[in-house]
Amino acid sequence: MRVSVVVATRNRPLELRRALSAITSQSYPDIEIVVVDDGSSGENARKNEILVDSLTENAIYTNLSSGGSNGSGPSRARNEGVERTSGDLIAFCDDDDYWCDNEHIENMVSAFSSDVSLDLMFANQAAHADGEMVRAVWLPQLVKKLHTRATSSRSGVLISKGEALTESHAHINTCVFRKALLVKIGGFWESVRYQEDMDLFVRAVDGARHIKYRHQTVSIHSIPDRTRADNASTQLDHNEKAFAETQVAHHLTRCCRSAEARHYANELAGFAYRHLALAASRVKDDHTAFTLAKVAWSWRPTIKWTAYTVFLGFKALLSRGGPHV
């Protein structure tokens with residue numbers, strides 16, 4: 001069973017070298033590497049191509065040079081990579097992150113080989129900042145819910161869609177997908193550049209027949225440096241991120257069929273619109289705050305938020321010159 005690993009990169013030749021070194025150190029022999037360069041500068045692009053050419057014969061380099069100064073975006077780059085793969089299973093690794101378990105792919109392949117209905121499997125990831133570990137468990141609520149089921153098995157445990165969507169989302173570095181699943185759900189949604197991995201993960205959970213979780217740390221995620229605007233999470237402010245999340249939520253409700261995925265989308269939209277309503281309220285834009293609060297309530301109604309929405313409604317009414325109390 002061949003595994004294709006898609007690595008999207010842009011102007012990070014040193015980080016890319018580290019990521020590819022970890023991939024080529026995997027114990028599983030049949031791995032194809034597809035590096036998609038999302039418009040790196042001339043010098044960096046040459047370094048990347050030379051690096052990939054120096055790897056095994058199962059390494060492919062392609063450069064997307066039509067994306068302009070900001071590149072084509074991670075979704076387009078990854079989709080381009082998937083289109084060029086020949087493997088039965090697809091894995092991803094961001095260029096500034098790296099795998100830390102040399103048996104990661106071997107263990108994943110074993111699980112997929114023993115269950116023909118397994119479409120998605122993911123594992124734990126640790127997060128580092130400035131070389132120091134800041135987060136040892138990526139999905140603590142999931143691990144808490146699974147309890148000994150997760151920690152007692154090295155081969156992974158079958159989990160439900162609801163368990164897979166307990167919190168946030170599994171990082172793409174730890175996920176292995178059956179290629180047929182990615183084809184079925186249409187790959188990454190190219191209309192957003194932030195939380196595109198969340199969007200894919202939720203749709204994959206929605207469409208998967210069987211899902212497994214393996215509670216071993218297989219990847220190290222580098223927390224983006226906030227002082228460098230070379231990452232989507234550092235280029236956007238909090239309101240821009242919240243707006244992007246509303247877009248993802250709307251997309252998920254259009255695409256997903258399972259109750260679990262649709263509930264996840266509702267929660268995501270509710271929290272994002274709440275953030276935008278609170279931000280508008282802080283700058284005393286009462287009418288916008290009230291409008292956004294009502295939208296947030298429609299996605300995620302709670303007693304507390306109902307009271308706050310009514311409060312904002314009174315503020316909006318008074319700011320229009322209504323009767324004073």
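This is a predicted model: local features need pLDDT of at least 70, side-chain atom pairs count only at pLDDT 80 or more; totals for chains, interfaces and linings use all residues.
**Exercise 1.** Decide whether Trp 305 and Tyr 308 are buried or partly exposed, and describe how their rings are arranged.

*Solution.* Begin with the cut-off, by which a residue is buried when its relative accessible area is under 20% and exposed when it is over 50%, with partly exposed in between. Trp 305 has a relative accessible area of 7%, so this residue is buried, whereas Tyr 308, at 22%, counts as partly exposed. Turn next to the rings, whose centres are 5.1 Å apart and whose planes meet at 45°, so the pair is tilted.

**Exercise 2.** Find out which parts of the chain are tied together by the aromatic pair of Phe 122 and Tyr 213.

*Solution.* A search of the whole structure gives six aromatic pairs, and one of them joins Phe 122 to Tyr 213 in a tilted arrangement, 5.3 Å from centre to centre with 55° between the planes. Phe 122 belongs to strand E6 (residues 118–129) and Tyr 213 to strand E10 (residues 210–222), so the pair ties together parts that lie 91 residues apart in sequence. Both of these residues are buried.

**Exercise 3.** Identify the residues that Asp 286 contacts beyond its neighbours within four places in sequence.

*Solution.* Locate Asp 286 in helix H13, which covers residues 286–299. Once those sequence neighbours are set aside, the contacts of Asp 286 are Lys 315, Ala 316 and Ser 319.

How values were computed:
Residues are numbered from 1 along each chain as its sequence is written. Side-chain values use heavy atoms; hydrogens and water are left out. Helices (H or I, at least four residues) and strands (E, at least two) are DSSP runs, numbered from the N terminus. Contact means heavy atoms within 4.5 Å. Rings of Phe, Tyr and Trp (its six-membered ring) pair if their centres lie within 6.5 Å; planes under 30 degrees apart count as stacked, over 60 as edge-to-face and the rest as tilted. Buried means under 20% relative accessible area, exposed over 50%, partly exposed in between (1.4 Å probe, protein chains only).
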